[in-house]
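Here is a briefing for a reader new to this structure. Look at the chain as a whole, then follow the notes on single residues and pairs.

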Amino acid sequence: MKKRRDMLRLRRYSACCWRATFRAATARCRWRGLEAPRRFSGDATSISKDTNSVVINWKHQRAWSRFHYVWLRDCCLCPQCLHPNTQQRLLDTLKIPLDLSPATVELREGKLCVLWPDGHVSEYPMEWLIEKSYEHEGLQGIRTSQCVEHEPVLWGREIGSSPPCVDHAAVMGDDKELYSWLSKMDRYGFCFVDGVPPTSEATGQVMERIGCLRDTFYGRITLVSSDLKHSDTAYTSLSIDSHTDGNYFRDAPGLEAFHALHFEGTGGQSTLVDGFKIAEEIRTRDPAHYKILSSVRLPYHHTDSENRMVNTFVPFTLDPETGKVMEVHFNNADRMPISARSIEGLEALEEDGKLGGHPMTRLYRAIQGFIHTAKDESLRYEFQLRPGKLLSFNNHRVLHGRAAYTGQRTLCALYINQEDWRSRLTVLREKYEDKL
């Protein structure tokens with residue numbers, strides 16, 4: 001009787017682990033701008049075993065998956081091996097024999113049931129195995145981690161006719177509205193918050209609805225004006241070309257917010273450019289340039305009397321699974337002189353017939369191609385920041401710039417780490433996804 005109760009408890013726990021795994025898979029897909037995975041009722045027809053693995057044959061078009069016994073034992077879902085609350089492994093992987101072979105392996109009630117030589121029993125739901133399948137054939141289109149590609153909305157100047165926006169009071173009082181805000185930033189890369197009181201305190205409070213503010217040598221909440229308080233062109237009234245911020249940090253700021261608290265003068269129009277759109281334009285028009293810009297790391301720096309920051313970023317960071325652009329980093333003003341390290345491996349890249357000469361020349365052609373595309377009027381959304389209207393944007397995607405201005409201007413600026421706002425989005429999505 002006790003053994004039966006233990007088995008029922010294990011099955012319920014395994015089902016709980018599968019649901020958590022499915023939610024995690026959904027989060028990973030959303031992180032990459034992909035549609036959530038589709039549930040698949042994984043029906044297996046048979047299994048075949050050898051000395052170190054088991055092959056599951058699925059009903060779908062002769063599909064199959066192989067799972068090694070050492071992997072299965074390491075990934076046991078029972079509460080003795082995986083903590084039921086933290087989802088952290090309790091099993092000591094060092095104690096698993098690499099030549100482990102189970103006593104029995106069988107399909108039972110939609111699960112793979114394994115009895116190990118020491119008497120331990122593991123059960124793996126079919127859906128969970130499909131989600132985790134690492135060696136397989138024929139699972140395209142049904143594997144639960146095989147997300148349906150859903151590109152973020154790419155935009156240009158036309159976004160100005162109806163830019164994404166939410167209301168400050170609604171966001172402050174309702175998590176569902178907070179989710180709407182983060183969802184729009186996730187989809188478009190930026191979103192305005194209308195009706196924010198023009199104070200640094202109110203600006204910080206609305207951003208803290210998302211997560212902790214990031215503290216840097218600029219401060220936790222920074223007031224930007226033309227006083228050269230910091231060694232940065234932002235602290236002048238000069239024009240600034242479109243760029244992403246903080247590339248000299250190893251972890252560039254993720255989410256940024258700008259709020260003009262005061263402005264009496266002329267000029268100073270802000271510019272946003274979709275970095276993903278830049279990447280797509282270059283990929284289509286100049287594949288060789290795209291390859292260089294997604295392969296070569298460019299050096300950046302920040303220098304003042306108290307700081308020496310140096311870091312490198314590839315302009316287009318590609319997702320290793322999908323090959324699609326997942327981050328854009330570029331700032332021509334902060335870029336250091338290109339060194340030999342920056343062009344290492346460039347010779348090995350496939351060259352386009354029209355590109356010739358020294359690798360340095362090819363790299364500069366690609367850089368100029370990026371700058372030229374970012375300056376394309378059809379891609380630039382221009383507007384004026386005014387008190388009461390906060391701009392939030394994904395600094396790993398959207399480039400921003402500013403025209404020169406005259407007069408007095410005070411801008412409140414702050415950062416939130418990329419993982420923090422993404423985490424908040426994931427949690428709210430699980431709660432409100434079907435309620436908007």
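A residue is called buried when its relative accessible area is under 20%, exposed when it is over 50%, and partly exposed in between, using a 1.4 Å probe and protein chains only. By that rule, 49% of the 436 residues of the protein chain count as buried. The model is a predicted one: local features need pLDDT of at least 70, side-chain atom pairs count only at pLDDT 80 or more, and totals for chains, interfaces and linings use all residues. Residues are numbered from 1 along each chain as its sequence is written, and side-chain values use heavy atoms, with hydrogens and water left out.

**The whole chain**

- Helices (H or I, at least four residues) and strands (E, at least two) are DSSP runs, numbered from the N terminus.
- The protein chain has 21 strands and ten helices.
- A contact means heavy atoms within 4.5 Å.
- Take the contacts in the protein chain between residues at least 6 apart in sequence: 71% of them join residues at least 24 apart.
- Accessible areas come from the Shrake-Rupley method with a 1.4 Å probe; for residues, only the protein chains shown count as cover.
- The protein chain exposes about 21200 Å², and 49% of that comes from carbon and sulfur atoms.

**Around Val-325**

- Val-325 belongs to strand E17, which covers residues 325-328.
- Val-325 counts as buried because its relative accessible area is 18%.
- Leaving out residues up to four places away in sequence, Val-325 touches Phe-276, Ala-279, Tyr-290, Phe-316, Thr-317 and Leu-318.

**Aromatic pairs**

- A pair of aromatic rings is described by the distance of the centres and the angle of the planes.
- Rings of Phe, Tyr and Trp (its six-membered ring) pair if their centres lie within 6.5 Å; planes under 30 degrees apart count as stacked, over 60 as edge-to-face and the rest as tilted.
- This rule gives a count of 20 aromatic pairs.
- Phe-192 and Phe-383 form an edge-to-face pair, at 5.2 Å centre to centre and 90° between the planes.
- That pair links distant parts of the chain, 191 residues apart: Phe-192 is in strand E9 (residues 190-194) and Phe-383 in strand E18 (residues 380-383).
- Phe-192 and Phe-383 are both buried.
- Tyr-218 and Tyr-235 form a stacked pair, with 6.3 Å centre to centre and 10° between the planes.
- Tyr-218 sits in the loop between helix H6 (200-208) and strand E10 (222-224), while Tyr-235, 17 residues apart from it, sits in the loop between E10 and strand E11 (240-243).
- Tyr-218 is buried because its relative accessibility is 9%.
- Tyr-235 is buried too, with a relative accessible area of 3%.
- Phe-67, Trp-71, Tyr-124, Trp-128 and Tyr-134 make up one aromatic cluster.

**Charges over rings**

- A charge sits over a ring if NZ of Lys or CZ of Arg is within 6 Å of the ring centre and within 35 degrees of the ring normal.
- Arg-214 places its charged end over the ring of Phe-249, 5.1 Å from the ring centre.
- Arg-409 lies over the face of Tyr-405, 5.5 Å from the ring centre.

**Salt bridges**

- A salt bridge is a side-chain nitrogen of Lys or Arg within 4 Å of a carboxyl oxygen of Asp or Glu.
- The count by this rule is 17 salt bridges.
- Arg-66 and Asp-50 form a salt bridge at 3.2 Å, N to O.
- Arg-66 lies in strand E3 (residues 64-68), and Asp-50 lies in the loop between strand E1 (44-49) and strand E2 (53-58), 16 residues apart.
- Arg-66 is partly exposed at 22% relative accessibility, and Asp-50 is partly exposed at 36%.
- Asp-251 and Arg-214 form a salt bridge, with the closest N and O atoms 3.9 Å apart.
- Asp-251 lies in the loop between E11 and strand E12 (255-267) and Arg-214 in the loop between H6 and E10, so the pair ties together parts 37 residues apart in sequence.
- Asp-251 is partly exposed at 32% relative accessible area, whereas Arg-214 is buried at 14%.
- Asp-274 and Arg-397 form a salt bridge, with the closest N and O atoms 2.8 Å apart.
- Both Asp-274 and Arg-397 are buried.
- Salt bridges that share partners join Asp-50, Arg-66 and Glu-135 into one network.
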